[in-house]
Amino acid sequence: MSARYLFSCQGTAVFPNLSLKLKLPLILSTVLALAIVALAAAAYHEVRLASVGAASERLQRVSQQLGGLLEASFRAREAEMAVLTARPELEELLRSPDDASARRAAVDLLTESATAEAVVALDLIGADGRRVLEIGGADARPDDFRESVPSEGTVGPLVNHGGRVMYATSAPVGDPEGVSGTLFQWRAVQVDPETVSVLTDLIGVDATIVFGTPGQGWTDLIRVIDEPPLFLSEVTASAEARASTGVEVETYSREGAGAVFAGVSRLGATPWYLVVELPEDAVLASAHDFLVRLLVVSPLALLLAAIKGRGASIAL
């Protein structure tokens with residue numbers, strides 16, 4: 001059976017009003033177009049999965065490294081506080097709060113420690129809950145800070161106060177068997193923009209580092225920001241539960257950042273959450289470039305198929 005007979009008889013239902021010279025190029029082009037679309041969709045899907053997988057691995061690795069650095073910083077802060085609260089000047093003032101010489105010695109000690117970078121206030125609280133001594137202005141820390149900061153030698157939540165994000169580290173004063181008070185040290189979270197830029201450049205693809213406490217303060221290390229949508233409303237509990245078990249990769253859109261892939265992790269036993277964001281456009285850039293190249297090459301392949309089909313139909 002000849003090709004001419006096949007297309008004139010069995011193919012009459014396909015493009016019935018066209019001549020064989022037009023049928024063959026159209027049929028070949030249609031079949032090739034369908035094949036290209038199917039292969040392109042499958043290839044783009046695989047490239048997208050590979051891009052997302054690589055981004056997820058990077059987020060997990062970076063989040064673990066940054067989390068380790070922050071937890072080491074917490075341990076250093078706790079060690080500093082332990083050294084400070086072991087000084088006899090503080091316990092002496094707690095025993096004799098009206099003693100002028102004891103007060104002067106404690107003030108000198110705490111003022112010197114407050115000169116450290118980012119320390120904005122210190123409070124010495126007696127066993128009865130009364131503030132015995134404060135270093136820093138009256139509005140340097142939240143009024144109700146003792147309600148939200150544990151007193152067992154831990155790091156408190158990040159809070160938004162006075163246009164900046166800050167936190168308190170607390171430690172008991174006195175020996176373990178006879179604690180006579182608690183020292184609270186407040187620090188502001190603010191990093192030099194150049195340092196933040198170097199850090200995010202090391203991560204790559206326009207990364208953003210944010211951390212905070214759900215329902216309280218959030219920062220990108222430079223300024224106060226809105227809480228990521230991941231921790232809002234009904235998803236808060238599940239987000240906390242997932243992040244407490246390690247690094248979880250989530251997707252969401254945040255004002256000022258757009259659509260992002262985010263690695264979320266809880267920082268040790270603190271109420272802090274670290275979120276490393278990668279822009280979705282940057283993560284999927286290679287997949288989008290691949291799709292653009294397919295869209296450029298596909299019409300050329302279809303045109304070549306049409307020309308070849310036209311030549312074959314003339315030869316029939």
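Is Thr169 buried or exposed, and what relative accessibility does Thr169 have? I looked this up first, and Thr169 counts as buried because its relative accessibility is 0%, where buried means under 20% relative accessible area, exposed means over 50% and partly exposed lies in between, with a 1.4 Å probe and protein chains only.

**Notes on the model.** I am reading a predicted model, in which local features need pLDDT of at least 70 and side-chain atom pairs count only at pLDDT 80 or more, while totals for chains, interfaces and linings use all residues. Residues are numbered from 1 along each chain as its sequence is written, and side-chain values use heavy atoms, with hydrogens and water left out.

**The chain as a whole.** I noted nine helices and ten strands in the chain, which are DSSP runs numbered from the N terminus, with helices (H or I) of at least four residues and strands (E) of at least two. Of the 316 residues in the chain, 39% are buried.

**Around Thr169.** I found Thr169 in strand E4. Leaving aside neighbours within four places in sequence, I listed the contacts of Thr169 (heavy atoms within 4.5 Å) as Arg77, Met81, Thr154, Val155, Leu183, Phe184 and Gln185.

**The sheet.** I then followed the open sheet of five strands, whose order is E2-E1-E5-E4-E3 with antiparallel pairing; two strands pair if DSSP finds at least two bridges between them. At the edges I found strand E2 (131-135) and strand E3 (159-161), each of which pairs on one side only. From one strand to the next, the twist averages 30 degrees. Strand E3 and strand E4 (residues 164-173) run antiparallel and are joined by three bridges, and I noted that the bridge partner of His161 in E4 is Arg164.

**Helices across the strands.** I saw that helix H3 (residues 88-95) lies across strand E1 (119-126), E2, E4 and strand E5 (181-188), running at about 45 degrees to E1. Helix H4 (residues 100-114) lies across E1, E2 and E5, at about 40 degrees to E2. For these angles, axes are lines fitted to C-alpha atoms, for helices over the stretch in contact, and angles run from 0 to 180 degrees between N-to-C directions.

**Aromatic rings.** How many aromatic pairs does a search of the whole structure find? I counted two, using rings of Phe, Tyr and Trp (its six-membered ring) whose centres lie within 6.5 Å, with planes under 30 degrees apart called stacked, over 60 edge-to-face and the rest tilted. The pair of Tyr167 and Trp272 is edge-to-face, because the ring centres are 4.8 Å apart and the planes stand at 85 degrees. Tyr167 lies in strand E4 and Trp272 in the loop between strand E9 (258-266) and strand E10 (273-279), so this pair ties together parts that are 105 residues apart in sequence. Tyr167 is buried, with a relative accessible area of 7%, and Trp272 counts as buried at 2% relative accessibility.

I looked next at Phe211 and Trp272, which form a stacked pair with 5.6 Å from centre to centre and 15 degrees between the planes. Phe211 lies in strand E6 (residues 208-212) and Trp272 in the loop between E9 and E10, so the pair ties together parts 61 residues apart in sequence. Phe211 is buried as well, with a relative accessible area of 5%.
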